[in-house]
Amino acid sequence: MYCPYCKEELKVNNEELYCKAGDSYFSKHMEKVFNVAIDNSKEVEVRLPKFANSEAGRFFCVNCGSKMMKIESMHEVCTCCGFEINKRTFYEIIEINPHRSFR
């Protein structure tokens, strides 16, 4: 899995997903949410052509590391593999799993 903020490969540290570049942990809950979204990505991939011309999103794909595309506010999809971040997940990533900013 890849960090949605910076696409660094996530490692397990203290039994949680960890991004070394952002010095951030992703909870067991987020790991489960990511795994469910990865499982569902096969269904989303079928609907991808209509998002091909969308603007770049805020995050990187947790499944493959590609840049996500914006569907609407706080809703993004990966046009490479179909991984989808819905509004609830978008909020949880930002509010509950912060990442060190890059300056």
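This is a predicted model: local features need pLDDT of at least 70, side-chain atom pairs count only at pLDDT 80 or more; totals for chains, interfaces and linings use all residues.

Modeller: Residues are numbered from 1 along each chain as its sequence is written, and side-chain values use heavy atoms, with hydrogens and water left out.

Biologist: How many helices and strands are there in the chain?

Modeller: Helices (H or I, at least four residues) and strands (E, at least two) are DSSP runs, numbered from the N terminus. The chain has two helices and seven strands, and their order from the N terminus is β-β-β-α-β-β-β-β-α.

Biologist: What share of the residues count as buried?

Modeller: Buried means under 20% relative accessible area, exposed over 50%, and partly exposed in between, with a 1.4 Å probe and protein chains only. Of the 103 residues of the chain, 43% are buried by this criterion. Contact means heavy atoms within 4.5 Å; among contacts between residues at least 6 apart in sequence, 42% join residues at least 24 apart.

Biologist: Which strands form the open sheet of three?

Modeller: Strands of a sheet pair through backbone hydrogen bonds, either parallel or antiparallel. Two strands count as paired if DSSP finds at least two bridges between them. The open sheet of three has the order 1-2-3, with antiparallel pairing. Strand 1 (11-13) and strand 3 (24-26) each have a single partner strand and stand at the edges, so one side of each is left without a neighbour in the sheet. Strand 1 and strand 2 (residues 16-19) are joined by three bridges, and Lys11 stands opposite Tyr18 in strand 2.

Biologist: What is the order of the open sheet of four strands?

Modeller: That sheet has the order 4-5-6-7, and its pairing is antiparallel. Strand 4 and strand 7 (84-85) are its edges, each with a single partner strand, so one side of each lacks a neighbour in the sheet. Two bridges join strand 4 (residues 56-60) to strand 5 (residues 67-72), and Phe60 has Lys67 as its bridge partner in strand 5. These two strands form a hairpin with six residues between them, and Gly65 in the turn has a positive phi of about 90 degrees. Two bridges also link strand 6 (residues 75-77) with strand 7, where Glu76 stands opposite Ile85.

Biologist: Which residues lie nearest the centre of the largest pocket?

Modeller: On a 1 Å grid over the protein atoms alone, a pocket is an open set of points where a 1.4 Å probe fits, with protein on both sides within 12 Å along at least five of seven lines; lining residues have an atom within 4 Å of a point. Of the 13 lining residues, Val33, Val36, Ala37, Asn86 and Thr89 lie nearest the centre. Helix 1 (28-44), strand 7 and helix 2 each give two or more residues to the lining, and helix 1 provides the largest share, seven residues.

Biologist: Where does Asn63 lie, and what is it in contact with?

Modeller: Asn63 lies in the loop between strand 4 and strand 5 and is partly exposed, with a relative accessible area of 30%. Leaving aside neighbours within four places in sequence, Asn63 is in contact with Tyr2, Ile38, Ser41, Cys81 and Phe83. Asn63 and Pro4 are 59 residues apart in sequence, yet their C-alpha atoms are 9.2 Å apart in space.
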